[in-house]
Amino acid sequence: MSAPVHEPGAVDCDVHVAPAAYADLLPYLSDYWRQYISEAAIRLTGVGHAYPPGAPVTATAEAREKGWATPPSTYEQLVERYLDVAQPQHAVLNCITGFDVHRNPYFAAAVAAALNDWVRETFLDKDERLRASLSVSPVSPEDATAEVERAGDDPRFVQVLLPVRSDLPWGHKNNHAMFEAACQRSLQVALHAWGRAGKSMTPSGFATTYLEDYLANQPIAQAQMLSFVSEGVFARFPDLRVMVTECGFAWLPTLLWRFDKDWKGVWREVPWVKDLPSEYVHRHFCLSTAPAHLPPDEAGRAQLLEMLGSSQMLAYASDFPHDHGDSIAPLLDQLSGEERHGVVHATAAAFYGLKPLRTYTST
Amino acid sequence: MTTVQPNPGPETAAAADRAVKLIDCDVHAQATEPMLAAHLGPWARAQLEHYGRRTPRITDWYPRARNGGMRVDAWPNKPGHIWGSDPEMLREQLLDEYDMDYAILEVLSGQDCYDHPDFSREWNHAINQWQTETWLAFDPRLRATIAVPHEYPDLAVKEIEKRAGDERFVAVLLPASAAEPLGAPKYWPIFAAATECGRPVVVHTGGYVDHRGAGYPSFYLDYHVGNGIVTQGQLTSMVAGGLFEEVPGVRVVMTESGVAWAAALRWSLDAAWEQMRADHPRLTRRPSEYIDEHVWFTTQPIEEPEDPQHLMYAIEQANLRDKLLFATDYPHWDFDSPKQALPRVIDKELRQKILSGNAVQLYGFGS
């Protein structure tokens, strides 16, 4: 399996950063939480279950040998390991450290706020190419809304970051106030792989291997997509869009065939869903290209593109430093120049409202 | 109401004098609690009387928008009966209406409650007795699946062994959502016992479905579309857990969860295995090869793309020509008629395979 290939000039919609330890966040936390962290000896294991240090997905073998398996925690690391190498036009930073802090809602809210302040000062203030996702409490919609209101006015935060693994599906009405706050600030939503640990990853019990956990993100993202549509999120917030990140996309066509079919039968249950579910999905969703788990043959990939309806729902992601191989490359190579530019650049630029910083010629 | 036919007896082969043309691989006979109570011993009957089933049915959590989720004509006008409980009605509306050769019953009554082993053993025994006496004895075209106390594999194996001598029980039935993913070693003895006696394992949507990775959906719509999502996890578990190496001859029938998603799941399983194969020394082949050899799918509710040709893409991509089994899902609201449900892009040869040929191969009907 080859390493991921970077696309210079891209709008890269999934680049990971993370504090190395709670010490990085202490300046952004109150005395109460500093003492809490210190006296309870809380370690920032964060999402160790998602990206175990030795796992092939966590980083390329080369990066792991260099000790670069964890995401950059300083701007200098980001420059050396990613920005100078990948040369994106823009990169959207995702810090998923707050996905599974623990169940204390007050702590979760404090950590989310600290992460946003840390991301802003550590990265956003230093490079105009950078944008970021806004961390919010994954356990309290009220606190999530408050954080969107507190930190979301900074236009460099372009989307609210939600873990696909959740206690309630994100489309649920409990979350609509948060979406309203996001829409008021032109923030979009990103659903990102992983999230709430401590309950089973599959719909039907605990899996026993990392491979199963890793792949479970994809069906969970499907369930979240159903929720956004059936709960009427887009009927209520017509400007809201969702980036499905690091959850694959080849599953999309067949899911929509079934979703449309069922809706035709039971639409009375969700009277606010006025159009075919697939129409909402095509209008409101983009999906990141890593991992791309694709047909092995060119004809199969061409069929997949035809079934997707358009390659322009896809948005390029390096998912740095994670390694899903170069699996999107064969698909990109099958696209026309214009289509390829769309996936690598234009779709995400439009999604985030980004303008070019420098001359860029598509290949 | 048609006159009740005299029971031709189980030994009479219904279709012995003609080619098998139509097999329905997902039919729901539904027992009322009193119907099953009649087959329980005094302790279990008292438990049922005192505590009921202890958990709401999935139709209580996720009510169907109209007619209780059933065909509008499926409610018998007979005291004590509900949809799916009347063999005469089923014969008239399904077996005779479509001139079926065989119909396989899947009774889901044992799947949605985590029972004490003593109760679970009696309850599933009762389901199988009820199937034998009420259904298999009624029409020789009917076949049954063995309900088992699946959370207690040692008891499940005993029930399988008890029914194995009756060839009208053609498969073992498991829910698509149980306490652990179905590929977990806990359940291997059930797959092994089924395989030992030549039965496939039918995995039917349902079960506890109680802890989804995304949390509980609010509506039947998401829940029902989500059945395909649940089953993706089960197939992943079976492959990654090594079931197909552990029980080499096992045959699994994924029922009522869709078919077209199988292609994308194969791609992701193969890609992840390529990257992590060192973690899975038990797996000696690509995941898609295991699926090719071991897994079948029933059609209803088959996905309906706007361009029917895309369904053919999905069938070819997932290598399903020999693996699709026709199902009506009688008497549920989304019943598929064998005359109307399959789009015209499905060529004549494939249509024949789906309607009967693949099931004949799998179950040995008519041979």
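Angles under 35 degrees count as roughly parallel, over 145 as roughly antiparallel, 65 to 115 as roughly perpendicular and the rest as oblique. I set this down before opening the model, which is a predicted one, where local features need pLDDT of at least 70, side-chain atom pairs count only at pLDDT 80 or more, and totals for chains, interfaces and linings use all residues. In my notes residues are numbered from 1 along each chain as its sequence is written, while chains are lettered from A and ligands numbered from 1 in the order in which they are written.

**Entry: helix pair in chain B**

I looked up α5(B), residues 117-136, against α6(B), residues 153-163, and noted an angle of about 20° with the axes 10 Å apart; helices here are DSSP runs of H or I with at least four residues, strands are runs of E with at least two, and both are numbered from the N terminus. The axes are lines fitted to C-alpha atoms, for helices over the stretch in contact, and angles run from 0 to 180 degrees between N-to-C directions. The two helices α5(B) and α6(B) are therefore roughly parallel to each other, and their crossing is right-handed, meaning that the near helix is turned clockwise from the far one by less than a right angle.

For the residues involved I used contact in the sense of C-beta atoms, placed from the backbone, within 7 Å. On the α5(B) side I listed B:P117, B:S120, B:R121, B:N124, B:H125 and B:N128, which meet B:L155, B:E159 and B:R163 of α6(B). I sorted these into two nonpolar, four polar and three charged, with Ala, Val, Leu, Ile, Met, Phe, Trp, Tyr, Cys and Pro taken as nonpolar, Asp, Glu, Lys and Arg as charged, and the others, Gly among them, as polar.

**Entry: helix pair in chain A**

I then turned to α5(A) and α6(A), the latter covering residues 141-151, and found that their axes come within 10 Å and cross at roughly 20°. That makes α5(A) roughly parallel to α6(A), and this crossing is right-handed. Here A:P105, A:A109, A:A112, A:A113 and A:N116 of α5(A) meet A:D143, A:E147, A:R150 and A:A151 of α6(A), a contact with five nonpolar, one polar and three charged residues.

**Entry: two single residues**

I checked A:R103, which sits in the loop between β2 (90-94) and α5 (105-122) of chain A, and which is exposed, with 11 other C-beta atoms within 10 Å; the cut-offs are 20 or more for buried, 12 or fewer for exposed, and partly exposed in between. In chain B I checked B:T145, found in strand β3 (residues 142-147), which is buried, with 29 other C-beta atoms within 10 Å. Residues that B:T145 touches include B:I104, B:E106, B:F169, B:V172 and B:V202.

I counted 14 helices and eight strands in chain B. Its radius of gyration, taken over C-alpha atoms, is 20 Å, close to the 21 Å that the globule rule gives for 367 residues, so chain B is as compact as a globular protein of that length; the rule is 2.2 Å times the number of residues to the power 0.38. Of those 367 residues, 56% count as buried.

The contact between the chains takes 61 residues from chain B and 62 residues from chain A. On the chain B side, α9(B) gives the most, with 10 residues, and by class that side has 30 nonpolar, 21 polar and 10 charged residues.

Terms used. Contact = placed C-beta atoms within 7 Å. Lists of a residue's contacts leave out its neighbours within four places in sequence.
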